[in-house]
Amino acid sequence: MADRVMPRHRALAALSAGIGLTLLLTSCGSGISGHGDDKPIVGLVTKTNDNPFYVKMREGAQKKARQLGVDLRTFAGKGQADNDSQVKAIENLVAAGAKGILITPADSGAIIPAIDRARKAGVMVVALDSPTEPASAVDATFATDNRLAGRMIGKWAKARMDGKRPRVALLDLSSEQVKVDVLRDQGFLEGFGVDVRNPNRIGDERDSRIVGHEVTGANEEGGRDAMEKLLQKNGSINLVYTINEPTAAGAYQAIKAAGKQKDITIVSVDGGCPGVKNVAGGVIGATSMQFPVKMAAEGLAAVAAHAKDGGKGSASSGHGFTNTGVSLITDTPVSGLDSQKSDWGLRHCWG
């Protein structure tokens, strides 16, 4: 396996040194207090402010908030693992009298004490996209079935690699075993036919087809750097799994620079419009499309209903959370696996 990132205590210390809370005030209001007294306050706390996935989620929440007459206040951390900023955001929202909080947890376990305090104060807390650990720590979860999303691209990749000896590189989020990271990585390997040993842990597989795992921060720069390291380790890589499409775009830059773009297939998860364009352009072979606007809209509706009558909704049958759906997008479909082509994807990306 490739080297992982710095130990947890050092990573947290580095985060604390430069951490900052970004408060984004939506068109539903102009400040943290003193307005919208007749509207229930609801917070949206995402991992970052600049990732296209969370930008689209925020836009969807803002639109739904206007429809429902909700005072939406949005916060974001400065990185995919910035738990400290999310804690501060929850504390600010509780102090402001929020009725509900929607959150994409940066650390599915470390955020639990802050969520517990909010719920004890009477705030409904809903997880979006990334489940908490345990899932029962929140009142509801609206998310992609991330393990299924991984399995879909794993099965597609297995079919496409038929007749070739796979040499697989995996570009993950972090070394922290974040829930969404684990679900996608392990789902991909399961779909590809790898014995994952512990399905709740990345990196304990003993399969000679796996060249290694690297962490990326789920961004383009991280994807490029991680791919460069893995190509230096083994130039025979012919299949790359990526945690998301910005990571895939960065990985492709490294692959192209090495002159291996015709030899390596990339698969990913997200289904954002830029990612689907990369499917159409041959950069990504297949991606599993999520629906963040649906997550935000359904989560916000649940909180608004709770503010009105105390209801908290119910999970999709058999999931333990409300499944907002996933679709495989590829222009090279394989037999026995349902998929949509990139033109469909461009009409539906991140709806």
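## Two strands to start with

In which sense do strand S9 and strand S10 pair, and over how many bridges? Strand S9, residues 239-242, and strand S10, residues 265-270, run in the parallel sense, and three bridges link them. Within this pair, Tyr 241 stands opposite Val 267 in S10. Please keep in mind as you browse that this is a predicted model.

## The chain as a whole

Let's step back for the overall picture. The protein chain contains eleven helices and 13 strands. Of its 351 residues, 55% are buried. The chain exposes about 14,400 Å², and 47% of that area is supplied by carbon and sulfur atoms.

Contacts across the sequence are worth a look too. Taking the contacts between residues at least 6 apart in sequence, 72% join residues at least 24 apart.

S9 and S10 belong to an open sheet of six strands, whose order is S8-S7-S9-S10-S11-S13 and whose pairing is mixed. Strand S8 (210-215) and strand S13 (327-330) are the edge strands, each pairing on one side only. From one strand to the next, the twist averages 15°.

Helix H6, residues 179-192, touches strand S7 (168-172) along with S8, S9 and S10, and its direction makes about 165° with that of S7. Helix H8, residues 245-257, also packs on the sheet, where it touches S7, S9, S10 and strand S11 (286-289). The direction of H8 makes about 160° with that of S10.

## Strand S4 and its partners

Now for another set of strands. S4 pairs with S2 in the parallel sense over four bridges, and four bridges also join S4 to S5, again running parallel.

Strand S4 is covered on both faces. Gly 100 and Leu 102 are buried on one side, while Ile 101 and Ile 103 are buried on the other.

Helix H4 spans residues 112-120, and its buried residues are Ile 112, Ala 114, Ile 115 and Ala 118. Why do these residues lie on the same side of H4? They do so because they cover an arc of only 160° around the axis.

The buried residues of H4 pack against helix H3 (83-95), strand S4 (100-103) and strand S5 (124-128). Just after H4 comes Gly 122, which takes a positive phi of about 90°.

## A closer look at Thr 48

Thr 48 sits in the loop between strand S2 (41-46) and helix H2 (52-68). Is Thr 48 buried or exposed? Its relative accessible area is 6%, so Thr 48 counts as buried, a label used for values under 20%.

The side chain of Thr 48 takes part in a polar contact of 3.5 Å with the side chain of Asp 50. The Thr 48 side chain also reaches the backbone nitrogen of Asn 51, at 3.3 Å. If you set aside neighbours within four places in sequence, the residues in contact with Thr 48 are Tyr 54, Ala 76, Gly 77, Gly 79 and Gln 80.

Conventions. Residues are numbered from 1 along each chain as its sequence is written. This is a predicted model: local features need pLDDT of at least 70, side-chain atom pairs count only at pLDDT 80 or more; totals for chains, interfaces and linings use all residues. Side-chain values use heavy atoms; hydrogens and water are left out. Buried means under 20% relative accessible area, exposed over 50%, partly exposed in between (1.4 Å probe, protein chains only). A polar contact is a pair of N or O atoms within 3.5 Å; within protein, one must be able to donate a hydrogen and the other to accept it, and residues adjacent in sequence count only if both atoms are side-chain atoms. Contact means heavy atoms within 4.5 Å. Two strands pair if DSSP finds at least two bridges between them. Axes are lines fitted to C-alpha atoms, for helices over the stretch in contact, and angles run from 0 to 180 degrees between N-to-C directions. Accessible areas come from the Shrake-Rupley method with a 1.4 Å probe; for residues, only the protein chains shown count as cover. The arc is that of the directions from the helix axis to the C-beta atoms.
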